[in-house]
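Please read this briefing alongside the sequence and the three-dimensional view.

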Amino acid sequence: MITGVGGLWAFLQASPLFWLAVTLITYQVAYATYLRTRRNPLLNPVLVSITLIITVLLATRTPYPTYFDCAKLVHFLIGPATVAMAVPLYIHSERLKHMLLPLAGSLLVGSATAIVSAVAIGWTFGASPDTILSLAPKSTTMPIAMGITEKIGGSPSLTSLMVTLTGIAGAIMARALLTLVRIDDVATHGFAVGVTAHAIGTAYTFQLGEVAVAFAALGMGLNGVLTTILVPVLMRLFMSH
Amino acid sequence: MVLALAALVVFQLAGETIVRLFALPVPGPVVGLVLLYVALAVHRSVPDGLRATGNVLLQHLMLFLVPATTGLMMHFRRLGDEWLPILLAAVGGTAVTMALTAVTLRLFLTKRRAP
């Protein structure tokens with residue numbers, strides 16, 4: 001009997017269907033809770049889902065790569081969803097065209113601030129040189145950030161941690177922070193969140209409507225490209241001092 | 001729905017192919033986004049099915065990010081060793097960046113409207 005249960009568990013643990021079910025049910029619970037609490041930012045569905053899933057993985061001693069392999073089907077949809085961001089962007093392109101120069105200006109400020117603030121805070125509080133290098137591209141999406149870190153000699157895996165923490169922090173603080181600095185325009189709100197908190201931030205802006213998603217997608221895409229250019233330049237300046 | 005999904009996947013594939021061909025430092029889906037934008041601009045409208053399917057995908061983008069984000073658990077040791085600079089950079093750096101980006105955008109927008 002015991003070997004039967006153990007055998008069954010071995011089957012489930014390696015089964016994509018099982019981890020797919022865990023991922024979908026967990027997210028559904030997290031999302032329903034989020035809606036029921038009138039979207040309390042601290043109950044961000046990504047944060048709640050990964051907290052629950054990590055707890056299950058640790059409790060069952062399931063290695064992360066085994067889980068990721070099984071949950072790939074869900075992960076795969078990030079690609080088509082990213083492509084789909086072209087739709088709100090196109091629908092609101094008139095508004096966007098009127099704002100090109102202001103958008104470019106604030107993108108430059110935001111992109112440089114993201115890099116310099118991360119590096120300066122890391123350096124001030126005694127992060128190792130390896131960590132400092134890995135902090136620099138943290139406001140861009142995961143694949144871009146890991147590519148940059150690899151090029152400047154940091155640790156791509158540490159960068160993936162920083163990207164995740166930045167996205168979650170950004171999604172949690174966005175509403176309170178932008179209310180504090182009295183931003184009431186959804187386009188500005190979306191753009192700032194996209195530039196700062198990449199895909200996790202952009203996912204949060206869905207609740208604010210199509211305009212916010214359009215500007216968040218724009219901020220995310222443009223900052224990805226600009227950070228690729230800025231990080232090597234700024235890090236050379238920083239290292240020479 | 002299926003046609004729209006097929007279109008999104010084809011544009012992503014085109015994006016990935018261009019990235020590979022020209023060794024671009026941006027992800028394939030971002031290039032796919034640009035290509036779809038151009039196609040919509042040429043077509044001058046958004047097909048209903050595409051808008052609906054895109055909306056469903058974007059509504060649950062948070063779900064799709066869960067498997068990769070769970071990778072956080074691989075870094076608990078690093079987080080334990082250097083938690084202070086890592087958390088301060090993640091929270092403080094993010095706050096400063098988001099506020100400055102929003103405030104400068106508002107400033108540039110009102111400045112242009114003023115004269």
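Read along the sequence, chain A runs α-α-α-α-α-α-α-α-α-α-α-α-α, a total of 13 helices and zero strands, where helices (H or I, at least four residues) and strands (E, at least two) are DSSP runs numbered from the N terminus. The model is a predicted one, in which local features need pLDDT of at least 70 and side-chain atom pairs count only at pLDDT 80 or more, while totals for chains, interfaces and linings use all residues. Residues are numbered from 1 along each chain as its sequence is written, and chains are lettered from A and ligands numbered from 1 in the order in which they are written.

**Chain A as a whole**

- Chain A has a radius of gyration of 20 Å, close to the 18 Å that the globule rule gives for 241 residues, so chain A is as compact as a globular protein of that length; the radius is taken over C-alpha atoms, and the rule is 2.2 Å times the number of residues to the power 0.38.
- Taken along the principal axes, the C-alpha atoms of chain A fill a box of roughly 70 × 45 × 30 Å.
- Of the 241 residues in chain A, 51% are buried, a residue being buried if 20 or more other C-beta atoms lie within 10 Å of its own, exposed if 12 or fewer, and partly exposed in between, with C-beta atoms placed from the backbone.
- Among the contacts in chain A between residues at least 6 apart in sequence, 63% join residues at least 24 apart, and two residues are in contact if their C-beta atoms, placed from the backbone, lie within 7 Å.

**Domains of chain A**

- Chain A is divided into domain 1 (2-76) and domain 2 (83-239), with bounds that come from an automatic or database domain assignment.
- The centres of domain 1 of chain A and domain 2 of chain A, taken over C-alpha atoms, are separated by 27 Å, and the contact takes six residues from domain 1 of chain A and seven residues from domain 2 of chain A.
- On the side of domain 1 of chain A that touches domain 2 of chain A there are four nonpolar residues, one polar and one charged; here Ala, Val, Leu, Ile, Met, Phe, Trp, Tyr, Cys and Pro count as nonpolar, Asp, Glu, Lys and Arg as charged, and the others, Gly among them, as polar.

**Helix α11 of chain A**

- The 25 residues of helix α11 (residues 156-180) of chain A should span 36 Å at 1.5 Å a residue, and the end C-alpha atoms are 34 Å apart, which agrees; the expected span is 1.5 Å times one less than the number of residues.
- A kink of about 55 degrees in α11(A) is centred on A:A174, the bend at a residue being the angle between axes fitted to the seven residues ending there and the seven starting there.
- Mostly covered, α11(A) has 19 of its 25 residues buried, and α11(A) is followed by A:R182, whose phi is positive, near 55 degrees.

**Chain B**

- Chain B comes to six helices and zero strands, and its domain assignment gives domain 1 (1-59) and domain 2 (73-115).
- The C-alpha centres of domain 1 of chain B and domain 2 of chain B lie 29 Å apart.
- Chain B has a radius of gyration of 20 Å, whereas a compact globule of 115 residues would have one near 13 Å.
- Of the 115 residues of chain B, 41% count as buried.

**Where the chains meet**

- In the contact between the chains, 65 residues of chain B meet 89 residues of chain A.
- The side of chain B that touches chain A receives the most from α6(B), with 24 residues, and by class that side has 46 nonpolar, 14 polar and five charged residues.
- A:H75 lies in helix α4 (residues 64-76) of chain A and, not counting residues up to four places away in sequence, touches B:F64, B:P67 and B:A68.
- A:H75 counts as partly exposed because it has 19 C-beta neighbours inside 10 Å.

**Positive phi values**

- A:H198, in helix α12 (residues 186-205) of chain A, has a positive phi near 40 degrees, and with 30 C-beta neighbours inside 10 Å A:H198 counts as buried.
- B:A23, in the loop between α1 and α2 of chain B, has a positive phi near 50 degrees, and with 6 C-beta neighbours inside 10 Å B:A23 counts as exposed.
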